[in-house]
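Welcome! Please take a look at the structure below, and then read on for a short tour.

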Amino acid sequence: MNPTPPLAQRWALHSRLRAALQQRWRAWWAARLAPTDHLSLNQRNVYIVPSSAALWLGLTLLVLLLASINDRLNLGYLFTFLLAGSLVAAMHAAHANLRGLCVQVLQIEPVFAGQRGALHVDVHNPSRRARWSVGLRVQGEASTLWFDLPAQSSQRLQLYVPAPTRGLHPLALLELHTRHPLGAFHVWCPWRVASPRLVYPALPAQAAPPYPDAADPRALRPPASIAHRPAPSAGEDWTWRDYRAGDPLRQIDWKKSARHPQWISRCTPPAPRNAARVLCLADTGLSEREAQLSRLCAWVLRAHAQSEAVGLQLGTQVWPALAGDAQRDRLLRALALFD
Amino acid sequence: MNDIWARLPRSERDTLAMLGVLLWVLAPHALHGPLWAAAASLGLLAWRAALAVGQKPLPARWVRLGVLACFVGLSAWQFRSLFGREVGSTLLVLLLALKTLELRARRDALVVFMLGFFLLLSAFMRSQSLGLAAWALVGLLALLSLLVQAHRFTQQARLIDSVRTALRLAAWGTPLMAALFVFFPRVGPLWSLPAPGPGGRSGLSADMTVGDVAHLALSDATALRVRFAGAEPAPAALYFRGPVLEITDGRHWRAAPPTGASQRPRPDRPPAQPAVQWLAPAQAYAALDYELTLEPSGLAELLAPEGSSAPQGSELGPLWLADSGAWRLAQAPSALIRYRASWQARAHLAPSAQATPEKIRRAQRLNLALPANAHPRTRAWVAAIAHAATPPADARAWVQRLLSELRQGGYRYTLDPGLWPGDPADTFWFDARAGFCEHIASAFVVALRAAGVAARVVTGYQGGERNPLDGAWVVRQADAHAWAEVWLDDAQVWLRVDPTGAVAPARLGERLRLRPPPNPVVHALLGDYAPAWGARARLWADAIQGRWNDWVLGWDQRQQFDLLRHLGVNQPDWRNLSLALAAALGLALGLWGALAYALSTLRPFNRRDHWLRLWARTLAHWQHQGLTLGPAPTPRSLARAIQAHGRWPPAQCAAWADWLLRLEAWRYAPAQVKPVQSLNTLAVELRALCHTAPHALLRHWFVKRS
């Protein structure tokens, strides 16, 4: 019916092409930049182009000039040229707003893939001029972290940078930019951070299922309340503790209680159930690698939240089961770097 | 009030600031436009301010569109058109006020700024006075400040910082402005616009009804300024010639229509050759060169001193000597104009070779005509003189006779002659016996015509006031004057006769002019000191205004070329001007660069922390001595390192340690430094410690550089 593609399609094609070109251009540019954790902004790495507001201001100037010429308004000339002079001065001021700043990476927080992780940056203004409305952002993104920097001062910033994939990756290309003072010029300085960032596997969308049977048979058992628990039989290892209100009568060790000022309860010892919980890829019951890692990741986090010990077996490497923050970080790192 | 301000979020505060600036920008326009437009724009701004203070949402789109339609309809009704300067200006004001109700994106703010800049400039089409320039400068800086503020994205952005930034931008932009202003080629209008009518401007007019100059004589507004080169003329000899009035109905006087329709098909085209000429005086008076700036008056006459040579000026356009003897332009200038000419006192106006006898006769007839039945008593009186025993023989005798009548007949000069319902000439000669120049001149001319002597009334300005501060003559509207011109048959020339001089000699030349009585309240408050003080202030204001006119408003192509000639260009033209513009821009930018470099690097401007400098010098000294220092040395660690090194005598080490610890304390424990020491003392001590010789200072400098 309609031989020519609809407008929307053509637009989509156009924008795809544009995005691809932009992508290539950025990649080429990023490749030219030397990665560094400490960047001094100077004449060589600060770029400036007129913005669309400059176009409008230029148009205003043209109209003002035409009016002055046509009405032979000498005061109009004066006024127009003062505005033009201010605009040129604004070019210099916009460039000077970035030039001379120093940025330094303080810390890069690890992050789960698909999330934004905090990058801690120190910005320092060594000059005697205040810097107004300087922005730090991921290049190509609209949202910007704006900050003012008084003369000879520093500020600690926290920028959340997206982490698309798992592993130890360099950060996305960052950019310091400004439009101050008149918005007529866009000034920016690209920044490739040298230190890589650790990206853990993505967290699964739904809550992870309970631990598999193989790892811990008791994990599947519904948590029995003490009231319904069968009385410990003689063969089991018992431990004793002071009576607590609510302990069933048959749990009280009357013999021992007789020798003590208060009642003593019998109870099963805290289960050494996590001692053996070492998770492996096969436990997840999933086939896709990233999904497996995701689930393991979720289990490790759950174990940490419940203060349980957990270990990991990935390929030939084994991490014995332990509890604590260090263990969690160790395991997450292993998951992040596994391939 | 402060409380409300502090509680508002930043965006609302910025909006309120913008509304204040817009009020400033709109004010002069609102004063000139129709009243309803002023009220409407003020109301819109107030509405927006109320919305901002209450943090309420902006009105819906249909409300804004409705208001807009209302405004357009009202403007169309008021001006009977939607095109033209006045209606455009009114609509612009209304649109700007309406736009404030639609400030959502930054782009909307940009539109407001652009409209604001344009409104500032469009005010200059009405006037380019110094006061308006000051208003526009404040408006421009305020708009720039708001534009800067709109590009501050942090929450705590203070307005005062943005104002400072804008001021700095404007200061940096000034050299560029100066370069562009001086050398930007001035070209004529690109397309012609309907010239605004002379309405609303006071000054002389092309016709007069006797009594019309009364309110002019009270106006202190400047009519023109003259600056003579070399000698100064006598003020009594300065007659600035304006419209010549030849046709009268007894009360109303007007100029003769251009004669010889075949010769001059259109009144705004110059004739091939003027029909009149100014004769050089018989006695050799030195010609005085002068430069005259003329405020727009709605008249096409150039108001040159009588007897001037052809005026020269780049903005004048076609110019010719009209039959009336005044220099005429094709069109009444709408802005200040400036020209140069030379002038000789006591010149006579005579028909040139181009004037045919027939034409001269026609002019005579015209200047003899009196309306029938008018001035019966004057006619009777003149007839009585003519039939007396010794009647005046010729025109000169008639002039003398009437002047002596004016001198001896008890006539008075007054600014307050009252209303004359009857015949003006008869009232002057016989009833009132008082009046000012218009009454006197018109009655005088009527009497001469009744006697058969061709005469006419000339209007213009007489005299002027020399400003001792800048040597310029200022002629005010109060100097407006009317005098008579009499045709001498024997000499075939027009002779100027000023009958007012016969009545009130002080009116001419002397600075004794009738002034309105002082305001009683002001007089009571300021007493007798005020006049002297006020006169002095007026002199200053005049001098400043004169400079303003010369340097800013009068800067034209001719001045640009003159400047180029001064700079050594023999034949200035557009190309040279463009080159000069480029050079000046380059110079301005170079100046900029030099200044920026000086501010950032040179010692007196870039006052780095004095303490740090001292510390850096100390470190440089010890590095030169071969002491290896850790990564981040402190004064204390340096003292330890010196001691530990063991190469220096203990006394020297102790002196250094003492000094270093005091240096540290100065910075980090100032309360412990007793007595309070200045850094300069420490610096002097450092020099003593280092035994610094001049060559060592140089070495320090190199160490620091490297």
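This is a predicted model: local features need pLDDT of at least 70, side-chain atom pairs count only at pLDDT 80 or more; totals for chains, interfaces and linings use all residues.

Residues are numbered from 1 along each chain as its sequence is written, chains are lettered from A in the order in which they are written, and side-chain values use heavy atoms, with hydrogens and water left out.

**Where chain A meets chain B**

- Chain A brings 43 residues to the contact and chain B brings 51 residues, contact meaning heavy atoms within 4.5 Å.
- About 4600 Å² is buried between chain A and chain B, and carbon and sulfur atoms give 74% of this area; buried area is the accessible area (1.4 Å probe) that two parts lose on being put together, summed over both.
- Of the area that chain A buries against chain B, 15% is supplied by Asn70(A), Leu75(A) and Phe79(A), more than by any other three residues.
- There is 1 salt bridge between chain A and chain B, a salt bridge being a side-chain nitrogen of Lys or Arg within 4 Å of a carboxyl oxygen of Asp or Glu.
- Asp148(A) forms a salt bridge with Arg152(B), where the closest N and O atoms are 3.5 Å apart.
- On the side of chain A that touches chain B, H3(A) gives the largest share, 17 residues; helices (H or I, at least four residues) and strands (E, at least two) are DSSP runs, numbered from the N terminus.

**Helix H4 of chain B**

- Helix H4 (residues 61-79) of chain B has 19 residues and should span 27 Å at 1.5 Å a residue, which agrees with its end C-alpha atoms being 27 Å apart; the expected span is 1.5 Å times one less than the number of residues.
- Arg64(B), Phe71(B) and Ser75(B) are the buried residues of H4(B), buried meaning under 20% relative accessible area and exposed over 50% (1.4 Å probe, protein chains only).
- These residues lie on the same side of H4(B), because they cover an arc of only 30° around the axis, taken from the directions from the helix axis to the C-beta atoms.
- Trp62(B), Ala69(B) and Trp77(B) are exposed on the other side of H4(B).
- Helix H3 (35-54) and helix H5 (85-99) of chain B are among what covers the buried residues of H4(B).

**Ala665 of chain B**

- Ala665(B) sits in helix H21 (residues 650-668) of chain B.
- With a relative accessible area of 16%, Ala665(B) is buried.
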